[in-house]
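Hi,

Here is the structure I promised to pass on. Have a look at it first, and then read my notes below.

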Amino acid sequence: MGRGVAAWLLAPAHGLVLAAIAIPALYVVWLSFTRSSFGQAPVFIGLSNYFDVLGDPYFRRALWNTLILVVVVVHVELVAGLGMALLFASGLRARALLLAAVLAPYAVSQVAAVVMWRFLFDPDIGPLTLALQSVGLPGLDWSVSPSAGLAIVALLSIWMNLPFTFIILYAARLSVPGELYEAARVDGTTRLQSFWHISFPLLRPAMLVAMLFRYIFAFRLFAEVWLMTQGGPARSTEVVGVYLYLEAFRYNAFGAAAATGWIMVVVCLLLASVYLWRLRRGMVADAVA
Amino acid sequence: MRLRKTSSYAMRAGKLLAVAVILAWSLLPIGAIVMASLKPAKDIFAMPQHLLFHPTFVHYIALWQKWPGFFHGLVNSFVVTVGATLLAVAASALAGFAYSRRRTPAMASTAGFLIAVRLIPPIVVTLPLFPIVNTLHLEDTRLVLILLYASFFVSMGALLMRSFIDQIPRELDEAALVDGAGYLTILRRVIMPLAAPGMVSVAIFVMVYAWNEYIFAFIFTSIHAKTAPLALAEMVSAFDGVDWGVLFAAATVQMLPVLLVVMLMQKKLVAGLTAGAVKG
């Protein structure tokens, strides 16, 4: 295929991505160095937006909340997803049907999911709240308690994204040759041993890939929090996405919002880079071995 | 021998329990609101919950009568989803064809660019797009959502299409070239029919995303182009716990079409998810 033909074929996809994402993202860099609000000409002010944002206690709170949520959500998903992948691979009846059920939350919109979890955990009349109370446990009153608010957001996120983590790990588990397990069984290994010595090492690259994806995507969290708590009570459950939205569209501080956006990208890459680095090292090790 | 038998019974019981927990976790929240939407208002919060009841459609009728905006939102969602899906699948197929058939460092770097761009959170690009969209008078139109949704999926779509087109032997397009066919003809007559399963995979992903998306719809639409998730979100804040039945009916209507697509097409989805995640 000639260069000219390839260029024409790539043009629509790159046109869309450049116009809607890449060029606007670069413009955000410029915006982050200026003071501007909607309808005003931006004035260059250097790094002061970054200092303002990093010094803002509301931002720090939002960043902290985001980090807690991301770390909890991603790791719970990973452990649960791994367990489910091993369970599904161990041979289940009606597997296709079960798979369809497990994938169902992937199809549910964030808004509909919020409706569900708000209903189940409604502080006064939610079925799960009542069930918890009947055994003497407190419910999750997100309108009063920040930690309850974050907990319900975490539950919601895990519920919506577990299918993704699970599928990646399940596919990886299916690609492990069955002979390995048979050979191990012949040698008289226990189930736990074959997990530690076969499944775990062979699934590690897929686990890292799943975590990398989920770190990057979990960091964008917005709708779940916005629709569940609006960042309240008293801005205590805000996440970085919500902070950015409020700065831009409520307080008209586009410069500060732009700086927040880039801090978001950088922190998320830093978190992910640990895994990226380990993944790379693992691949090099595999290539050598 | 006896010991082994009991332990395998225990194993089977454990598995059964695990499957029950997984099913409850995945389906209970969905089932809860679908069932509640079919119950008379006084029974929705009855404790203990009744699992057997005479379904009533009063909430759906009330939704139809009192919330015409919600159905307008459904129409918008439908148009936006179809538009974004067609655009994204077409652009992805063209790019995937090029990536599959031309392997040069320059091509690899443009693919790297497409992946890198996906790291940018959607909410970040709303900042500069907001004034631009207003200047172009695209605010509150379905077109702006179609363009945005397609843009955010062509990266994954192009790489997915490449891995599907890679499985079509090059000899087929070479033979067609010898016969004097142009690349567009080859794409239409040779590649597209054989890569149709890949296009279906890409289409499902875009559909799920475009039908359910919230942030862009929230920021770029207000009245005319408001989508169903947005209309539903407005009902959530408007009710504040008053008329749950109607809210559940709306959530069920918003959820059901794509839920059915995903559950029926799970094989395609799994193939796509794994190909996209592991290779892309």
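**What I found**

Going along the sequence, chain A runs α-β-β-α-α-α-α-α-α-α-α-α-α-α. That pattern is made of 12 helices and 2 strands. Before you go further, keep in mind that this is a predicted model.

Some overall figures for chain A. The C-alpha trace spans about 75 × 70 × 35 Å along its principal axes. Chain A has 289 residues, and 45% of them count as buried. If you take the contacts in chain A with a separation of 6 or more, 71% come from residues 24 or more positions apart.

**Inside chain A**

How many of its 11 residues are buried? The count is 11 of the 11, so α5(A) is largely enclosed by the rest of the structure. The buried residues include A:V111, A:V114, A:W117 and A:F119, and also A:Q110 and A:R118.

Next, find helix α3 (residues 57–89) and helix α9 (residues 191–218), both in chain A. They pack at an angle of about 145 degrees, and their axes are 10 Å apart. The crossing of α3(A) with α9(A) is right-handed. On the α3(A) side, the residues that take part include A:V70, A:V74, A:E77 and A:L82; on the α9(A) side, A:M207, A:R214 and A:Y215 are among them. Sorted by class, this contact has 11 nonpolar, 2 polar and 2 charged residues.

**Where the two chains meet**

Now put both chains on screen. In the contact between them, 70 residues of chain A touch 71 residues of chain B. Which element gives the most to chain A's side? That is α1(A), with 17 residues. The side of chain A that touches chain B has 63 nonpolar, 5 polar and 2 charged residues.

**The core, and one histidine**

The largest nonpolar core has 185 residues. Those with the most contacts inside it are A:L169, A:Y215, B:Y149, B:A150 and B:V206. Helix α6 of chain B (residues 142–165) supplies the largest share of this core, 17 residues. As a bit of background, nonpolar side chains tend to be buried together in soluble globular proteins.

Leaving out residues up to four places away in sequence, A:L169 touches A:G81, A:L82, A:A85, A:L203, A:A206, A:M207 and A:A210.

Last one: B:H72, which sits in helix α3 of chain B. Why does B:H72 count as partly exposed? There are 17 other C-beta atoms within 10 Å of B:H72, and a residue needs 20 or more to be buried but 12 or fewer to be exposed. B:H72 and B:H224 are 152 residues apart along the chain, yet their C-alpha atoms are separated by 8.5 Å.

Cheers

Note on methods. Residues numbered from 1 in each chain as written. Chains lettered and ligands numbered in written order. Predicted model: local features only at pLDDT ≥ 70, side-chain atom pairs only at ≥ 80, totals over all residues. Contact = placed C-beta atoms within 7 Å. Helix = DSSP H or I, 4+ residues; strand = E, 2+ residues; numbered from the N terminus. Nonpolar A, V, L, I, M, F, W, Y, C, P; charged D, E, K, R; others polar. Core = buried A, V, L, I, M, F, W, Y, C linked by C-beta atoms within 7 Å. Axes fitted to C-alpha atoms, helices over the stretch in contact; angles between N-to-C directions. Left-handed = near helix turned anticlockwise from the far one by under 90°.
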